[in-house]
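Subject: Structure handover

Hello,

Here is the structure for your files. My notes on it follow below.

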Amino acid sequence: MPQAIEIDEIRELLTAGAQLVEVLPSAEFEEEHLPGAINIPLKQMTEDATASLDKDRPVIVFCHDYQ
């Protein structure tokens, strides 16, 4: 179930092996992304696109919105 988390929790989860997914469009992801992040653009977020994620590890979904 989705939930908002704070930066300290993100660090703990990543240290414990969580997967970081950025949902930016591919061009924006290529310009700048968080280290170790996987890119699955939001408009392409399908069951097939997420099939490569390890279902046994937590997934952190991140979207940076400049607005």
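A surface patch, as the word is used here, is built from residues with over 30% relative accessible area and no salt bridge, and nonpolar side chains are joined into one patch within 5 Å. Please keep in mind that the model is predicted.

**Nonpolar patch**

Leu42, Met45, Val59 and Val61 make a nonpolar surface patch of about 350 Å². One of these residues, Leu42, sits in the loop that runs between β2 (38-39) and β3 (59-62). The relative accessible area of Leu42 is 56%, so Leu42 is exposed, the cut-off for exposed being over 50%. That value also passes the over 30% needed for a patch.

**Second largest pocket**

Rolling a probe the size of a water molecule over the atoms shows where empty space is left. The second largest pocket has a volume of about 210 Å³. Which residues line the second largest pocket? The lining consists of Met1, Pro2, Gln3, Ala4, Ile5, Leu13, Pro58, Val59 and Ile60. By type, eight of the lining residues are nonpolar, one is polar and none is charged. Val59 belongs to this lining and also to the patch described above.

- Leu13 is part of helix α1. Its relative accessibility is 29%, so Leu13 counts as partly exposed.
- Pro58 is in the loop between β2 and β3. With a relative accessibility of 41%, Pro58 also counts as partly exposed.
- Ile60 belongs to strand β3. Ile60 counts as buried because its relative accessibility is 8%, and buried means under 20%.

Pro58 and Leu13 are 45 residues apart along the chain, yet their C-alpha atoms are separated by 7.6 Å. For contrast, Leu13 and Ala51 are 38 residues apart in sequence, with 20 Å between their C-alpha atoms. Ile60 and Gln44 are 16 residues apart in sequence and 17 Å apart in space, again C-alpha to C-alpha.

**Salt bridge**

Side chains of opposite charge can pair when their charged atoms come close. How many salt bridges does the model have? The count is one. The partners are Arg11 and Asp8, whose closest N and O atoms are 3.3 Å apart. A salt bridge requires such atoms within 4 Å, so this pair qualifies. Both residues lie in helix α1 (residues 7-15), three residues apart, which is about one turn of the helix. Are Arg11 and Asp8 buried or exposed? Both Arg11 and Asp8 are exposed.

Regards

Definitions and conventions:
Residues are numbered from 1 along each chain as its sequence is written. This is a predicted model: local features need pLDDT of at least 70, side-chain atom pairs count only at pLDDT 80 or more; totals for chains, interfaces and linings use all residues. Side-chain values use heavy atoms; hydrogens and water are left out. On a 1 Å grid over the protein atoms alone, a cavity is a set of points where a 1.4 Å probe fits but cannot get out, and a pocket is an open set with protein on both sides within 12 Å along at least five of seven lines; lining residues have an atom within 4 Å of a point. Grid points are joined across faces, edges and corners, and a volume is the space filled by probe spheres set on the points. Ala, Val, Leu, Ile, Met, Phe, Trp, Tyr, Cys and Pro count as nonpolar, Asp, Glu, Lys and Arg as charged, and the others, Gly among them, as polar. Patches are made of residues with over 30% relative accessible area and no salt bridge: like charges are joined within 9 Å, nonpolar side chains (Val, Leu, Ile, Met, Phe, Trp, Tyr) within 5 Å. Accessible areas come from the Shrake-Rupley method with a 1.4 Å probe; for residues, only the protein chains shown count as cover. A salt bridge is a side-chain nitrogen of Lys or Arg within 4 Å of a carboxyl oxygen of Asp or Glu. Helices (H or I, at least four residues) and strands (E, at least two) are DSSP runs, numbered from the N terminus. Buried means under 20% relative accessible area, exposed over 50%, partly exposed in between (1.4 Å probe, protein chains only).
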